[in-house]
Amino acid sequence: MKVDVNKCLHCGGCVGSCPQNAIFLNDFVLEFNDDCTKCGRCVKLCPVAALSME
Amino acid sequence: MRTYDCDVVVVGAGPGGSMAARYCAEGGLKTILLEKKAEVGAPLRCAEGVSKKWLEEVGIEPEPMWIRGDMKGAIIKSPQGTTFQLDESKAGSEVGYVLERHLFDKALARDAAKAGAQIMMRTSCTGIIREEGKIVGVKARSMGEEIEIRAKCVVAADGFESQVGRWAGIDTTLKLNDIDSCIQYRMVNIDCVPDYCEFVIGSVAPGGYIWIFPKGEGVANVGIGVMGRLCKGNGDAKYYLDKFIAEDPRLSKGQILEIMGGFVSTCPGLDCAVDDNIILVGDAARIIDPITGGGICHACRTGMYAGKVLTECAKTGDFSKQALMPYEKMWRDRMEDKLFRNWMAKEKLASLDDETIDELIKMIKDSDIGEVNVYNLLKVVKEKFPKVVEGFEDLI
């Protein structure tokens, strides 16, 4: 997954919405682990379109 | 590796976590409260509106420093502009304060500290520690150092992220219908009605609503929630909020001083918010009013219940799921019916078109209901538009 760090508000919405619990918000950095299935849910929900498929 | 020992470790110093820590510490338990950020209560992820009545119930004394405004009522608007104004005399328990959340959260954390809880800032929980299958604490990163906190019970108060519960094997995954994607601006130089919280429903905010909560002197929290199922992946929340602001002459000349995101769950809570040696509270347990998205009062209540139940458990040393079940009973007895009813109402509301919403608001305006709250509104709707409440009429 690709994070546009210039848009991300670090709100943690994607973290709590991820069905795989594959995202971790570390201050201002979003980390995706290997459990990510690229289901696209975080892309769909992000309030500022900061996420996209790689 | 540095290791800390305690009776209860609470993850997250939001309202739910601080209340849990306070009531655990007051009960004589050795309590450690972890906060991953560098400041309690910031950055903000909240519209800051709360009702008043519950504060006494959870033992919080209102303090001027965290009350930004004392509301006189609420305004509900349809996209066509039909307005229903609820005044204090009629709004009853649904009206309340607009908070300074960063100070409110700090006051609750201070009370936890006063009660004897140890607070560790910039300490991020990174996992659960299990021994022979049993939860015995959490792993954390504290100011860059990997540490372990051993505890008899973990309180997961990690908010919407709700990762701690999932690491512990409790499924907190939400359906897309039960997630609202939100964004909020702190706006200045706008012309909003002072002392009234404004809610706009309908297609301006698909499946959710737009709020304008005044903070005094031309300042307000202006935000939106959009139902997850209706998001299309184009930054929908921001798109709809910007559109609304541009088209509203009261707001269009305003300036934005702060942008914040944040999601809320809109389901009736987890099927079960406890397991052996772990309790989930507040947003982490998905205990939020599904209609309003309000979670502070639920977090404070569940935090308090957790603290009280854990204090009892400490007397026997039994923190098994069975021993923690009184917590489950307490929050369900107090909130379950309302959560379920508002969850059903939310689903129906999301399915209505703007014309029907406009008609509904006109009808409510013309009806003579006593105290206006979600329950009484639904009663009127049941009378005039029985189809809207189909499936949960028994709860009204």
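Helix axes in this presentation are lines fitted to C-alpha atoms over the stretch in contact, and angles run from 0 to 180 degrees between N-to-C directions. Helices (H or I, at least four residues) and strands (E, at least two) are DSSP runs, numbered from the N terminus.

Good morning, colleagues. The model before you is a predicted one, in which local features need pLDDT of at least 70, side-chain atom pairs count only at pLDDT 80 or more, and totals for chains, interfaces and linings use all residues. Residues are numbered from 1 along each chain as its sequence is written, while chains are lettered from A and ligands numbered from 1 in the order in which they are written.

I begin with a pair of helices in chain B. The axes of helix 1 (residues 15-26) and helix 7 (residues 296-316) of chain B come within 7 Å and cross at roughly 25°. Helix 1 of chain B is therefore roughly parallel to helix 7 of chain B, a term for angles under 35 degrees. Their crossing is right-handed, that is, the near helix is turned clockwise from the far one by less than a right angle. Among the residues making the contact are G16(B), M19(B) and Y23(B) of helix 1 and A299(B), G303(B) and L310(B) of helix 7; contact requires C-beta atoms, placed from the backbone, within 7 Å.

Next, the sheet. In chain B, 7 strands form an open, mixed sheet in the order 7-6-15-16-17-14-18, where pairing requires at least two DSSP bridges between two strands. Which strands stand at its edges? They are strand 7 (83-87) and strand 18 (255-265) of chain B; each has a single partner strand, so one side of each lacks a neighbour in the sheet. Neighbouring strands of this sheet are turned by 15° against each other on average, direction ignored.

Within the sheet, strand 15 (residues 196-201) and strand 16 (residues 209-216) of chain B pair in the antiparallel sense over 4 bridges. F199(B) has W211(B), in strand 16, as its bridge partner. Helix 6 (residues 236-247) of chain B lies across strands 14, 16 and 17 of that chain, running at about 130° to strand 17.

Finally, chain A. Its 2 helices and 4 strands follow the pattern β-α-β-β-α-β along the sequence. Of its 54 residues, 41% are buried, meaning that 20 or more other C-beta atoms, placed from the backbone, lie within 10 Å of a residue's own. The C-alpha atoms of chain A fill a box of roughly 25 × 20 × 20 Å along the principal axes.

How values were computed:
Buried ≥ 20, exposed ≤ 12 C-beta atoms within 10 Å, placed from the backbone. Contact = placed C-beta atoms within 7 Å. Parallel < 35°, antiparallel > 145°, perpendicular 65-115°, else oblique.
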